[in-house]
Amino acid sequence: QVQLVESGGGLVQAGGSLRLSCAASGVTFSSYAMAWFRQAPGKERERVAATNWSGGSIYYADSVKGRFTISRDNAENTVYLQMRSLEPEDTAVYYCAAGSLGVSGTFYPRYWGQGTQVTVSS
């Protein structure tokens with residue numbers, strides 16, 4: 001019954017912006033930390049951003065820091081990833097996840113979305 005559904009992926013030119021959304025259902029959304037991951041062919045899965053239940057604690061991967069913004073709207077059961085200054089290296093399948101966030105900043109996923117493709121062209 002738990003579902004995380006990503007949307008907003010697509011094709012964008014380098015330097016452009018894109019906003020991903022992840023809508024959750026079947027869970028008490030506000031009780032979960034949320035995160036965005038990405039995986040490109042031949043590369044390891046990378047956590048790009050994470051937020052605690054309230055949005056008061058935010059973590060970013062160095063590769064996206066300053067360009068990506070994670071936010072959440074608990075009233076709408078939705079987490080967002082605003083991506084700007086996109087580069088071809090950002091091309092990947094992006095996944096949202098619900099889980100918990102440790103005091104060290106480590107994210108422990110429990111539920112995963114199906115992923116959405118982001119392709120950045122030169």
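A search of the whole structure finds one disulfide, a term used here for a pair of cysteine sulfur atoms within 2.5 Å. Please keep in mind that this is a predicted model, in which local features need pLDDT of at least 70, side-chain atom pairs count only at pLDDT 80 or more, and totals for chains, interfaces and linings use all residues. Residues are numbered from 1 along each chain as its sequence is written, and side-chain values use heavy atoms, with hydrogens and water left out.

## The disulfide

The bond runs between Cys22 and Cys96, with an S to S distance of 1.9 Å. The link is right-handed, with 45° about the S-S bond. It ties together distant parts of the chain, since Cys22 sits in strand E3 and Cys96 in strand E9, 74 residues apart. Strands (E, at least two residues) are DSSP runs numbered from the N terminus. Cys22 is buried, at a relative accessible area of 0%, and Cys96 is buried too, with a value of 0%. Buried here means under 20% relative accessible area, exposed means over 50%, and partly exposed falls in between (1.4 Å probe, protein chains only).

## The nonpolar cores

A nonpolar core is a set of buried Ala, Val, Leu, Ile, Met, Phe, Trp, Tyr and Cys residues joined through side-chain atoms within 4.5 Å. The largest one has 28 residues, and the members that touch the most others are Leu20, Trp36, Leu81, Met83 and Tyr94. Two or more residues come from each of strands E3 (18-25), E4 (33-39), E5 (46-51), E7 (68-73), E8 (78-83), E9 (92-101) and E11 (116-121). Another core, of six residues, lies apart from it and includes Ala33, Ala35, Ala50 and Phe107.

Leaving aside residues up to four places away in sequence, Leu20 touches a set of residues including Trp36, Leu81, Met83 and Tyr94, along with Ser7, Gly8, Gly9 and Val118. Contact means heavy atoms within 4.5 Å.

Methods. Helices (H or I, at least four residues) and strands (E, at least two) are DSSP runs, numbered from the N terminus.
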